[in-house]
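User: I would like to learn how to read some features of a model. Please take them one at a time, with the general idea before the case.
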Amino acid sequence: MAQIFVQDYIRACMEMEKAVFSQQYEAPVLIYEHPRAGLSFNWGQTRLTAETKQVPLTRDLIRNGHKLPVIALCKRVMGPPGQVRLGRSDENDLVIPDETVSSRHAVFQEHRETGTYMLQDLASMNGTQVNGSRMIVGKTVVLFDGDVLAFGDSVFLFFYPDGLYDVLKANLDFL
């Protein structure tokens, strides 16, 4: 399967109306932003890290779209319905090849009635952060467009299809 980049979504925004875009790209996405800058020191649940890079402006998403990979939240392996598991192991739906990501790191759960997604950390060694706040193991967090998710040292932006379309289209029209 070919790697998909933000540039592919930009092209689709230019060619499609929002309703068609949302039908074709119905799964929320993670946009790989960057690994955290600097070296990290891990010891159990403690983490000391160098200063982290700031999240890009949406214009940066467009400018760097050709090199920002996109991962759709799609089920790939057997498991509970509505759940998408993330981790380093091939037994997950989303495999992140980063040594700071636990083999079973986190799980996304779709709320079927609202279509929103929640995220839960699965007691990962290096933790999960949402917008810079470390998640409490076992607690779920509702996700919103533009949330910054960090799994270990890998940082992603989260978007629902409609939200990604709106952000990209608004900035394409502005440029």
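User: Is asparagine 131 buried, partly exposed or exposed?

Analyst: Buried means under 20% relative accessible area, exposed over 50%, and partly exposed in between (1.4 Å probe, protein chains only). Asparagine 131 has a relative accessible area of 45%, so it is partly exposed. This is a predicted model, in which local features need pLDDT of at least 70 and side-chain atom pairs count only at pLDDT 80 or more, while totals for chains, interfaces and linings use all residues. Residues are numbered from 1 along each chain as its sequence is written, and side-chain values use heavy atoms, with hydrogens and water left out.

User: What is the phi of asparagine 131, and where is the residue found?

Analyst: Most residues other than glycine have a negative phi. Asparagine 131 is not a glycine, yet its phi is positive, about 55°. The residue sits in the loop between strand 9 and strand 10 (133–134); helices (H or I, at least four residues) and strands (E, at least two) are DSSP runs, numbered from the N terminus. Alanine 123 also has a positive phi, of about 60°, and lies in the loop between strand 8 and strand 9 (128–130).

User: In what order do the five strands of the open sheet come?

Analyst: Strands of a sheet pair through backbone hydrogen bonds, either parallel or antiparallel. Here two strands pair if DSSP finds at least two bridges between them. The order is 6-5-7-8-11, with mixed pairing. Strand 6 (94–95) and strand 11 (140–142) are the edges; each has a single partner strand, so one side of each lacks a neighbour in the sheet. Strand 5 (residues 83–87) and strand 7 (residues 106–111) run antiparallel and are joined by four bridges. Glutamine 83 stands opposite glutamine 109 in strand 7.

User: Which residues of helix 1 are buried?

Analyst: In helix 1 (residues 6–15) they are Val6, Tyr9, Ile10, Ala12 and Cys13. Seen down the helix axis, they fall within an arc of 160°, so they line one face; the arc is that of the directions from the axis to the C-beta atoms. The face turned away from this buried side carries the exposed residues Met14 and Glu15.

User: How many residues does the largest nonpolar core have?

Analyst: A nonpolar core is a set of buried Ala, Val, Leu, Ile, Met, Phe, Trp, Tyr and Cys residues joined through side-chain atoms within 4.5 Å. The largest has 23 residues, and those with the most contacts inside it are Tyr9, Phe21, Ile31, Phe159 and Leu168. Helix 1 gives the most to this core, with five residues.

User: How are the rings of tyrosine 9 and phenylalanine 21 arranged, and what is the distance between their centres?

Analyst: A pair of aromatic rings is described by the distance of the centres and the angle of the planes. Rings of Phe, Tyr and Trp (its six-membered ring) pair if their centres lie within 6.5 Å; planes under 30 degrees apart count as stacked, over 60 as edge-to-face and the rest as tilted. Nine aromatic pairs are found in the whole structure. The centres of the tyrosine 9 and phenylalanine 21 rings are 6.1 Å apart and the planes are at 65°, so this pair is edge-to-face. Tyrosine 9 belongs to helix 1 and phenylalanine 21 to helix 2 (residues 18–24), 12 residues apart. Both residues are buried. Tyr9, Phe21, Tyr25 and Tyr165 form one aromatic cluster.
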